[in-house]
Amino acid sequence: MHSVSQRIKAILQTAYQNNQITTLIFHDVTYTGTVDYVSASTVYMGLAAGQSQEIPLTEISHVKLHQLQSWWYLYDQARE
């Protein structure tokens with residue numbers, strides 16, 4: 001695994017442990033959600049209740065953690 005992928009994996013593991021909202025870019029598409037699981041080569045992003053997106057770590061170009069927003073912010077925004 002490339003060192004960039006290793007850094008991305010470490011960031012995503014932190015997001016998983018802290019249950020932080022995370023935004024990442026994969027193939028020029030932006031995904032925002034919570035990290036459901038991180039494997040050696042893949043992250044599973046929870047985008048809505050019961051929906052996960054499988055994303056290869058090597059194809060993620062950007063990761064941002066939203067440290068001041070709790071995970072339920074996503075659902076509150078969906079109802080507005």
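Guide: A polar contact is a pair of N or O atoms within 3.5 Å; within protein, one of the two must be able to donate a hydrogen and the other to accept it. In this predicted model, such a contact joins the side chains of Thr23 and His66, at 2.6 Å. Thr23 is the residue to start from.

Thr23 belongs to strand 1, which covers residues 21–26. Its relative accessibility is 12%, and buried means under 20%, so Thr23 counts as buried. Apart from neighbours within four places in sequence, Thr23 is in contact with Thr30, Tyr31, Thr32, His62, Val63, Lys64 and His66. His66, the partner in the polar contact, is therefore also on the contact list of Thr23.

The loops on either side of strand 1 come next. Asn19 sits in the loop between helix 1 (3–18) and strand 1. Asn19 is not a glycine, yet it has a positive phi of about 55°. With a relative accessible area of 37%, Asn19 is partly exposed. His27 is found in the loop between strand 1 and strand 2 (29–38). His27 is likewise not a glycine and has a positive phi of about 55°.

Take Ile60 as an example: leaving out residues up to four places away in sequence, Ile60 touches Ile8, Leu12, Leu24, Ile25, Val43 and Ile55.

Finally, the setting of this part. The protein chain has two helices and five strands, and along the sequence they follow the pattern α-β-β-β-β-β-α. Of its 80 residues, 31% count as buried; Thr23 is one of the buried residues. Among contacts in the protein chain with a separation of 6 or more, 47% are between residues 24 or more positions apart. The accessible surface of the protein chain is about 5200 Å², and 50% of that belongs to carbon and sulfur atoms.

How values were computed: Residues are numbered from 1 along each chain as its sequence is written. This is a predicted model: local features need pLDDT of at least 70, side-chain atom pairs count only at pLDDT 80 or more; totals for chains, interfaces and linings use all residues. Side-chain values use heavy atoms; hydrogens and water are left out. Helices (H or I, at least four residues) and strands (E, at least two) are DSSP runs, numbered from the N terminus. Buried means under 20% relative accessible area, exposed over 50%, partly exposed in between (1.4 Å probe, protein chains only). Contact means heavy atoms within 4.5 Å. Accessible areas come from the Shrake-Rupley method with a 1.4 Å probe; for residues, only the protein chains shown count as cover.
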